[in-house]
Amino acid sequence: MLSADDNAIFAAYNSGSIDFADTVPTDAVAELISSNNPEFHVVDELGTYYVAFNAKSSLFEGKTAAQAACMREAFSILIDRDYIVENIGQTGQIAANAFIPLGMADGNGGIFKSEAVSQGYYDPYAINNDPKGTVAKAISLLEAAGYKFENGKLSSSTPISVTYLTNTSSGHIAIAESIQQDLAAIGINLSIEERDWNVFLDERKQGNFDFAREGWIADFNDPINMLEMWTTNSGNNDCQFGR
């Protein structure tokens, strides 16, 4: 069944119209787990769900490379990954702080990364473990990028408004709304734009976005399958690096 509507897919499965589904609506996960439904299985995958900035977005106009990096880091540390995996994913996902997923082979008989906090780029749980410190760091980063703040919120003289592109699925929308709320804590205005699957893919590939939801499940167990996405000529280089 070719559909991006997880509610329609779930309804078709429950009615017997299809035999197998690899997704269920976010609202159905808790009941499926608590009822020990024998037809519901949680299967590990080597992959990363992430959000991407378009490097050529007007969001970065007039900013130096260092200032743009400060902006991206500020956005990133404000996102409550723990909330997303616990309340939206609900099936044991691990909060990510690096692009290579935990458990992926290193190509030399070992594991590339096996521990989330110590082997990533920052503490993915910091927004909960130290919310004041994390917010203060995000504000400091944005101040370094030229933004002004009043009482912990962006000043009206230097606003940030950004659009978030996603396809229409209950889990993706729930994550978008969570990120929207996280960024609003310091006055960043994020508007969510939903697109049908084919349009969504084309918009990302063409770079017609500021900020977009992304995900990559590895085709084979080696870091190169993740890293080769970001070469300039890669068809998966949605961030428009080098273009």
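Visitor: What is Ile179 in contact with, leaving aside its neighbours within four places in sequence?
Guide: Val51, Ile79, Ile84, Tyr164, Leu190 and Phe211. Contact means heavy atoms within 4.5 Å. This is a predicted model: local features need pLDDT of at least 70, side-chain atom pairs count only at pLDDT 80 or more, and totals for chains, interfaces and linings use all residues. Residues are numbered from 1 along each chain as its sequence is written, and side-chain values use heavy atoms, with hydrogens and water left out.
Visitor: Which residues touch the most other members of the largest nonpolar core?
Guide: Leu142, Ile179, Ile188 and Phe211, out of 33 residues. Such a core is a set of buried Ala, Val, Leu, Ile, Met, Phe, Trp, Tyr and Cys residues joined through side-chain atoms within 4.5 Å. Buried means under 20% relative accessible area, exposed over 50%, partly exposed in between (1.4 Å probe, protein chains only).
Visitor: Which elements give two or more residues to this core?
Guide: Helices H3 (65-78), H4 (81-89), H6 (131-144) and H7 (170-184), plus strand E4 (161-167). H3 gives the most, seven residues. Helices (H or I, at least four residues) and strands (E, at least two) are DSSP runs, numbered from the N terminus.
Visitor: And what lies apart from it?
Guide: Another core, of 10 residues, including Ile100 and Met226.
Visitor: Switching to H2. Which residues there are buried?
Guide: Thr26, Ala28, Val29 and Leu32, in a helix spanning 26-34. They pack against H1 (6-15), H4 and H7.
Visitor: Which exposed residues are on the face turned away?
Guide: Asp27, Glu31 and Ser34.
Visitor: What follows H2?
Guide: Asn36, with a positive phi near 50°.
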